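Welcome! Open your viewer, keep the selection panel at hand, and follow along stop by stop.

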Amino acid sequence: MDSSILDSLGVEIIGVMSPVSVCMLLVVLLVYSLSSATSSAASGTIRTAANLVYLESPSDSATQKLEGALLNALVFIVLISIVTFVLVLLYYYNFTNFLKNYMRFSAFFVLGTMGGSIFLSVIQHFSVPIDSITCFLLLFNFTVVGVLSVFSNGVPIFVRQAYMVVLGIIVAAWFTKLPEWTTWVLLVALAVYDLVAVLAPGGPLKLLVELASSRDEELPALVYEARPVVSRGPGTRGSNLGLLVGGVSEAGNVELQAVSQDNRNKSDEEVGNLANEEGETSPLMPNLRGRPTSSSGSSEYSVVDVRLDRGAQFGNGESEIVVDEEMSPLVDMLEFGGDREQTRGEIPEASTGTSRGIKLGLGDFVFYSVLVGRAAMYDLMTVYACYLAIISGLGCTLILLSVCHRALPALPISITLGVVFYFLTRLLMEPFVVGTSSNLMMF
């Protein structure tokens, strides 16, 4: 079991770290490209939900900036908490359609207005020759396709993932316009809030996850899904894996053996004949009659029908387990995180449970990128340090996720390491490197 966890953990980590890295890279490029234009055009700081109380001014003292940043962060956290609890109440009372429409409107607003503003800034900065009608049509099509891609099931998973990354880039680019002190205090406050909201007994995010898991539904939120691709053995072709014959030995290990498509009818007949031979009910298949044990007397078999939908061609690789009338205890023993799971062939561990891999909230993308974008406003050395710190923290979080098998906050470790490495690099490492380089002691 340990080897299987380690084997799959690398794929899961890469599947999550790759879009996070792309999001941070594009935010850094946007900040570098548009920083001169925004600094010259923005004479005053815009007021948002993150700086409702205090507008930072360069003439203010450090004490005033710190106090104002603390007030802004406190108000922002309170607003987020209220909104999250309202969403939990709506989901608890089954206002699911309202929540879905609200998320569609939010995605449309972010892509259309905030993304359109960034798009116009890029056009003006690089002097792209385009007329207003073409620009409007491009932006409208981009927005509509984005909303449909994020909330529709018939869209390739790659397109959905790409638009989720785009949403994170747009929101993060707007958050980088906040003043410096407010940004750093807000990042620390959000890391603490994420820790409490996910792990505390009455935390809103914990309640939301528990409600969704109890109803066996998707989270009513914008979540990036790193779905693993189902790998197929050399003998399996097409979109149908056929039958899987699962045997439970006396040692308690679960073994899956693929049956070829040519032998499917023969297997069905054998199972039907065996179901009529004895009167006892099999502990594996309650709706089938028991069958005799094999010649060694060490295994019993049940039949589980596994089908792959056509979405596997696009990379989501979801498998569907069909068991007639009642759920077989074999399926229960194959749930994700079972201690006795041992599979043969190319069948993923969580194929009978959650086959969608690790999920990362859109807010994690946003605030990782905000931290790196803020570091990009100072120096590239701080960007490298913050990026390595964030990726290291995310890796630690994913390792803890594979051990704990429960929902964990993704912000605390990464944000803490990123903030610490930023100030260490800015206050200690950069003066040392610049001093040694200027004195020709290091090249």
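## First stop: two spans

Select residues 105–124: the C-alpha atoms at the ends of this span lie 27 Å apart, and the span is 100% helix and 0% strand. Helices here are DSSP runs of H or I with at least four residues, strands are runs of E with at least two, and both are numbered from the N terminus.

Before moving on, a word on the model. It is a predicted one, where local features need pLDDT of at least 70 and side-chain atom pairs count only at pLDDT 80 or more, while totals for chains, interfaces and linings use all residues. Residues are numbered from 1 along each chain as its sequence is written, and side-chain values use heavy atoms, leaving out hydrogens and water.

Now select residues 130–151, where the end C-alpha atoms are 30 Å apart and the span is 91% helix and 0% strand. Both spans are among those that an unreviewed UniProt entry lists as "transmembrane region", a list that also includes 12–34 and 407–424. UniProt positions follow the numbering used here, feature names are shortened, and annotations may be inferred rather than shown by experiment.

## Second stop: α2 and α7

Colour helix α2 (residues 62–92) and helix α7 (residues 204–215), which pack at an angle of about 20° with axes 9 Å apart. Axes are lines fitted to C-alpha atoms, for helices over the stretch in contact, and angles run from 0 to 180 degrees between N-to-C directions. That angle makes α2 roughly parallel to α7 (under 35 degrees counts as roughly parallel, over 145 as roughly antiparallel).

Which residues of α2 meet α7? Show T84, F85, V88, Y91 and Y92 in α2; their partners in α7 include P204, L205 and R215. Contact means heavy atoms within 4.5 Å.

Next, pick helix α10 (residues 362–376) and helix α11 (residues 380–404), packed at about 165° with axes 8 Å apart. This makes α10 roughly antiparallel to α11. Display Y368, L371, V372, A375 and A376 in α10, which meet T382, V383, C386, I390 and L394 in α11.

## Last stop: a salt bridge

Finally, select E180 and R426, which form a salt bridge with their closest N and O atoms 2.9 Å apart. E180 lies in helix α6 (residues 180–199) and R426 in helix α12 (residues 412–438), so the pair ties together parts 246 residues apart in sequence. The whole structure has three salt bridges, each a side-chain nitrogen of Lys or Arg within 4 Å of a carboxyl oxygen of Asp or Glu.

Note on methods: Parallel < 35°, antiparallel > 145°, perpendicular 65-115°, else oblique.
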